Amino acid sequence: MRRNASGFTLIELLVAIMILTLFMTAAMGAVRIASKSTTAGVVRADTTEEMRAVSDFLRRQFAQLPYVTIGEGKDERLAFAADQKNLRFIAPAPLYSRGAGFIIYTLAAKRTDDGREVLTLSYAPFDPGSERFESIRTTEPMILTAGFETVEFGYFGAEKEKDRPAWMPVWSEEAERLPSAIRIRTRTEFGGAGWPDLLFNLRSGDTS
């Protein structure tokens with residue numbers, strides 16, 4: 001009398017393989033989701049730290065923005081040049097540089113090869129005897145931020161005493177006052193918000 005053969009039938013083996021495949025697929029999906037969540041968290045943390053560093057640096061500079069003019073007579077004007085993509089201003093030299101006098105800074109929204117815009121910074125010692133504020137040569141721009149769809153500057157205040165304060169995309173060369181506030185606005189693809197708007201109050205928007 002023959003004993004029943006022990007082991008798995010072909011159908012049982014196929015079912016076992018199918019169940020194992022389902023478990024492995026589910027496990028890999030969970031690993032991918034966890035990996036994406038971790039990566040997204042790291043990106044958010046890096047973006048927040050980048051924004052905080054840029055914001056802190058600019059806030060220190062704008063808080064001590066002096067009222068300085070260049071030129072003489074009819075050619076005298078503020079040492080401040082600003083539009084939607086470029087902002088040139090002066091501020092006292094930082095203490096760690098052990099230097100005296102002023103530094104000229106240029107913030108600019110530069111378009112990169114991939115079509116995105118980054119915020120850049122360049123600087124140089126300020127020469128009060130310069131006749132053309134915009135032509136002062138600065139260092140090679142350093143990139144401060146990751147890429148955005150757009151980066152734009154805005155300026156709030158009254159350019160002249162008789163004007164009413166308002167947000168403007170350009171601060172005129174004929175302005176008699178510094179703006180009261182500066183805004184940096186970023187946008188990502190499809191018009192979505194990038195960073196929250198960075199708003200900086202200047203120490204003084206008047207000539208005092």
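Here is a short walk through this predicted model, from its confidence to its core, strands and salt bridges.

Residues are numbered from 1 along each chain as its sequence is written. Local features need pLDDT of at least 70, side-chain atom pairs count only at pLDDT 80 or more, totals for chains, interfaces and linings use all residues, and side-chain values use heavy atoms, with hydrogens and water left out.

Let's begin with confidence. The average pLDDT (the predictor's confidence in each residue, from 0 to 100) is 79 for the protein, and 72% of the residues score at least 70. Helices (DSSP runs of H or I, at least four residues) and strands (runs of E, at least two) are numbered from the N terminus. Among these elements, α1 has the lowest mean pLDDT, 70, while strand β9 (residues 166–168) has the highest, 95. Where pLDDT is low, the predicted coordinates should not be read in detail.

Now look inside. A nonpolar core is a set of buried Ala, Val, Leu, Ile, Met, Phe, Trp, Tyr and Cys residues joined through side-chain atoms within 4.5 Å. Buried means under 20% relative accessible area, exposed over 50%, and partly exposed in between, with a 1.4 Å probe and protein chains only. The largest such core has 33 residues, and F62, F80, L87, F89 and L107 have the most contacts inside it. Its largest share, 5 residues, comes from α1. A second, separate core of 10 residues includes I70, A81, F126 and I136.

Next, follow strand β5, where 7 of 10 residues are buried. Strands pair if DSSP finds at least two bridges between them. β5 runs antiparallel to β4, joined by 7 bridges, and pairs in the antiparallel sense with β6 over 9 bridges. I103 in β5 is the bridge partner of A91, and the partner of I103 in β6 is P125. β5 and β6 form a hairpin with 5 residues between them, and G115 in the turn has a positive phi of about 85°.

Finally, there are 5 salt bridges in the whole structure, each a side-chain nitrogen of Lys or Arg within 4 Å of a carboxyl oxygen of Asp or Glu. In one of them, the closest N and O atoms of D197 and R185 are 2.7 Å apart. D197 lies in the loop between β10 and β11 and R185 in strand β10, so this pair ties together parts that are 12 residues apart in sequence. Elsewhere, salt bridges link K85, R111 and E117 in a network.
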